[in-house]
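Open the model in your viewer and keep the selection tool ready.

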Amino acid sequence: MVCGGFTNTQPAMPEIQAIADQVKPQLEEKEKKKFPIFKAVEFRSQVVAGTNYLIKVQVGDDDYVHIQVFKSLPHANRPLDLTRYQTNKTRNDKLESF
């Protein structure tokens with residue numbers, strides 16, 4: 001890991017799935033479609049004035065999206081924010097900053 005950069009890619013854990021679940025409605029609204037599958041597969045994180053998460057999410061048999069979510073510091077009391085996303089990804093696409 002580079003100081004200030006994203007961590008290495010790690011398998012998603014329940015906390016990451018919970019983050020993905022919370023921003024799922026934001027993605028569905030932006031894409032104007034529902035995702036019956038929304039399984040966090042892997043992630044990277046970056047500590048800033050809060051935390052940025054890059055998360056690879058399975059949304060179909062071999063259809064994935066990469067989402068970037070910002071989690072503010074606790075004292076800010078702000079909801080999770082879907083800041084960026086990329087569609088049409090595959091299981092083998094690297095999870096990289098975008």
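**Stop 1: glutamine 10**

Select glutamine 10. Apart from neighbours within four places in sequence, glutamine 10 is in contact with Glu42 and Phe43; contact means heavy atoms within 4.5 Å. This is a predicted model, where local features need pLDDT of at least 70, side-chain atom pairs count only at pLDDT 80 or more, and totals for chains, interfaces and linings use all residues. Residues are numbered from 1 along each chain as its sequence is written, and side-chain values use heavy atoms, with hydrogens and water left out.

Glutamine 10 sits in strand 1. Helices (H or I, at least four residues) and strands (E, at least two) are DSSP runs, numbered from the N terminus. How exposed is glutamine 10? Its relative accessible area is 31%, so glutamine 10 is partly exposed. The scale is this: buried means under 20% relative accessible area, exposed over 50%, partly exposed in between (1.4 Å probe, protein chains only).

**Stop 2: across to strand 3**

Glutamine 10 stands opposite phenylalanine 43 in strand 2. Phenylalanine 43 in turn has isoleucine 55 of strand 3 as a bridge partner. Glutamine 10 and isoleucine 55 are 45 residues apart in sequence, yet 9.7 Å apart in space, C-alpha to C-alpha.

Strand 1 and strand 2 run antiparallel and are joined by two bridges. Strand 2 and strand 3 also run antiparallel, with nine bridges. A hairpin links strand 2 to strand 3 through one residue. Color strand 2 by burial. Seven of its 10 residues are buried, so strand 2 is largely enclosed by the rest of the structure.

**Stop 3: the whole sheet**

Select every strand. What is the order of the five strands in the open sheet? The order is 1-2-3-4-5, with antiparallel pairing. Two strands pair if DSSP finds at least two bridges between them. Strand 1 (10-11) and strand 5 (81-89) stand at the edges; each has a single partner strand, so one side of each is left without a neighbour in the sheet.

Move to strand 4 (residues 63-72). Six bridges join strand 4 to strand 5, and the two run antiparallel. Glutamine 68 stands opposite arginine 84 in strand 5.

**Stop 4: histidine 66**

Stay in strand 4 and pick histidine 66. Is histidine 66 buried or exposed? At 1% relative accessibility, histidine 66 counts as buried. Beyond neighbours within four places in sequence, its contacts include Ile55, Lys56, Arg84 and Tyr85. Asp93, Leu95 and Phe98 are also among the contacts of histidine 66.

**Stop 5: helix 1**

Select residues 14-31, which form helix 1. Helix 1 packs on the sheet, touching strand 2 (39-48), strand 3 (50-60), strand 4 and strand 5. Its direction makes about 80° with that of strand 5. Axes are lines fitted to C-alpha atoms, for helices over the stretch in contact, and angles run from 0 to 180 degrees between N-to-C directions.

Show the side chains of Ile16, Ile19, Ala20, Val23, Leu27 and Glu28. These are the buried residues of helix 1. They pack against strand 2, strand 3, strand 4 and strand 5.

Next, center on valine 23. Helix 1 bends by about 40° there, and proline 25 follows within four residues. The bend at a residue is the angle between axes fitted to the seven residues ending there and the seven starting there. Then go just past helix 1, to lysine 32, which takes a positive phi of about 55°.

**Stop 6: two asparagines**

Jump to asparagine 77, in the loop between strand 4 and strand 5. Its phi is near 50°, a positive value in a residue other than glycine. Asparagine 77 is exposed, with a relative accessible area of 69%.

Asparagine 88 lies in strand 5. Phi of asparagine 88 is near 60°, again positive in a residue other than glycine. At 66% relative accessibility, asparagine 88 counts as exposed.

**Last stop: zoom out**

The protein chain has one helix and five strands, in the order β-α-β-β-β-β from the N terminus on. Its C-alpha atoms fill a box of roughly 35 × 30 × 25 Å along the principal axes. Buried residues make up 42% of the 98 residues.
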